[in-house]
Amino acid sequence: MIDSTRASLLSGVLAALAMGGCDTTPVNNNQNYMPEQPIAFSHAVHAGHYEIDCQYCHVGAEKSRHAGIPHAGVCMNCHTQVKTDSPEIQKLTRAVKENKPIEWVRVHRLPDHAYFSHANHVTAGLECQKCHGPVQEMVRLEQVEPMTMGWCLDCHRQTQESKAQAPVPPLASGVLMASASGVAKATAPVTPAPRTLNPPSDCSGCHR
């Protein structure tokens, strides 16, 4: 009796999901998502044609979990003089004058229960395009990769197997050290040691 009841309940749930058009795609897979933005910003122009470094705008990428979205004032460093007659730049100028934020539509989003740090990946030598695709060719930003757990784990495991090394950071300058005589002495520059990459593949690496 109990088994038949469970079977009936399961059949009902499956039927309801089917009728509701249950999405069977992987959770959080927004691959090919390419929303319209409030201002038609082109990475192809800025990162591609003019070769502006990603971190000029996304200043947190090398030192923070979050790459960050630039304040409109950063854009105005150029656009007080460049293309001031463009309707899109006029939207930007108006927002700055009215002290209103640009309501950009987020394209890449990981679930809250997944820990991710841009800094860990950028300082390990990972290029932006590895996760974000050929951004320098995109007129409108698009999510190219699935960014699912399996996709991230595949990259971590391949990196472990290849025994890849992180790029050596710039030579650290010497520091002043107090001597017994009270006169400060400069130490020799420190040569950073090479670091073999070993990204985590256990649960606690990303689910903290």
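Helices (H or I, at least four residues) and strands (E, at least two) are taken here as DSSP runs, numbered from the N terminus. This is a predicted model, in which local features need pLDDT of at least 70 and side-chain atom pairs count only at pLDDT 80 or more, while totals for chains, interfaces and linings use all residues. Residues are numbered from 1 along each chain as its sequence is written, and side-chain values use heavy atoms, with hydrogens and water left out.

**The whole chain**

Begin with a cartoon of the protein, whose secondary structure comes to nine helices and four strands, and which follows the pattern α-α-α-α-α-α-α-α-β-β-β-β-α when read along the sequence. A contact means heavy atoms within 4.5 Å, and among the contacts between residues at least 6 apart in sequence, 66% join residues at least 24 apart.

Next, select helix 5, residues 87-97, and show its side chains. Which residues of helix 5 are buried? They are Ile89, Leu92 and Ala95, and because they cover an arc of only 120° around the axis, they are on the same side of helix 5; the arc is that of the directions from the helix axis to the C-beta atoms. The face turned away from this buried side carries the exposed residues Pro87 and Lys97. What covers the buried residues of helix 5 includes helix 4.

Now extend the selection to Ile39, Ala72, Met76, Leu92, Ala95 and Ile102, which together make up the largest nonpolar core, six residues in all. The elements that give two or more residues to this core are helix 4 (72-79) and helix 5. A nonpolar core is a set of buried Ala, Val, Leu, Ile, Met, Phe, Trp, Tyr and Cys residues joined through side-chain atoms within 4.5 Å. Centre the view on Ala72, which touches Leu92, Val96 and Ile102 when residues up to four places away in sequence are not counted.

**Two salt bridges**

The structure holds two salt bridges, a salt bridge being a side-chain nitrogen of Lys or Arg within 4 Å of a carboxyl oxygen of Asp or Glu. Side chains of opposite charge can pair when their charged atoms come close. Select Glu88 and Lys91, whose side chains meet at 3.3 Å, N to O; both lie in helix 5, three residues apart, about one turn of the helix. Glu88 is partly exposed, with a relative accessible area of 24%, and Lys91 counts as partly exposed at 32%. Then select Lys100 and Glu98, where the N to O distance is 3.5 Å; Glu98 counts as partly exposed at 43% relative accessibility. Between these two residues in your sequence panel, Asn99 follows helix 5 and has a positive phi, near 55°.

Move on to Ser117, in the loop between helix 5 and helix 6 (118-122). Is Ser117 buried or exposed? With a relative accessible area of 5%, Ser117 is buried. Its side chain reaches the backbone nitrogen of Asn120 at 3.3 Å, and, leaving out residues up to four places away in sequence, Ser117 touches Ser64 and Arg65.

Select Ala164 next, in the loop between helix 8 (149-162) and strand 1 (165-166). Ala164 counts as partly exposed at 28% relative accessibility, and touches Thr159, Arg195, Thr196 and Leu197, not counting residues up to four places away in sequence. Ala164 and Ala124 are 40 residues apart in sequence, yet 9.4 Å apart in space, C-alpha to C-alpha.

Finish at Ser201, in the loop between strand 4 (195-196) and helix 9 (203-206), which is partly exposed with a relative accessible area of 32%. Leaving aside neighbours within four places in sequence, Ser201 is in contact with Leu153, Arg157 and Gln160. Of these, Leu153 is 48 residues from Ser201 in sequence and 6.2 Å away in space, C-alpha to C-alpha.

Technical notes
Buried < 20%, exposed > 50% of the residue type's maximum accessible area, 1.4 Å probe, protein only. Polar contact = N/O pair within 3.5 Å; in protein donor to acceptor, adjacent residues only side chain to side chain.
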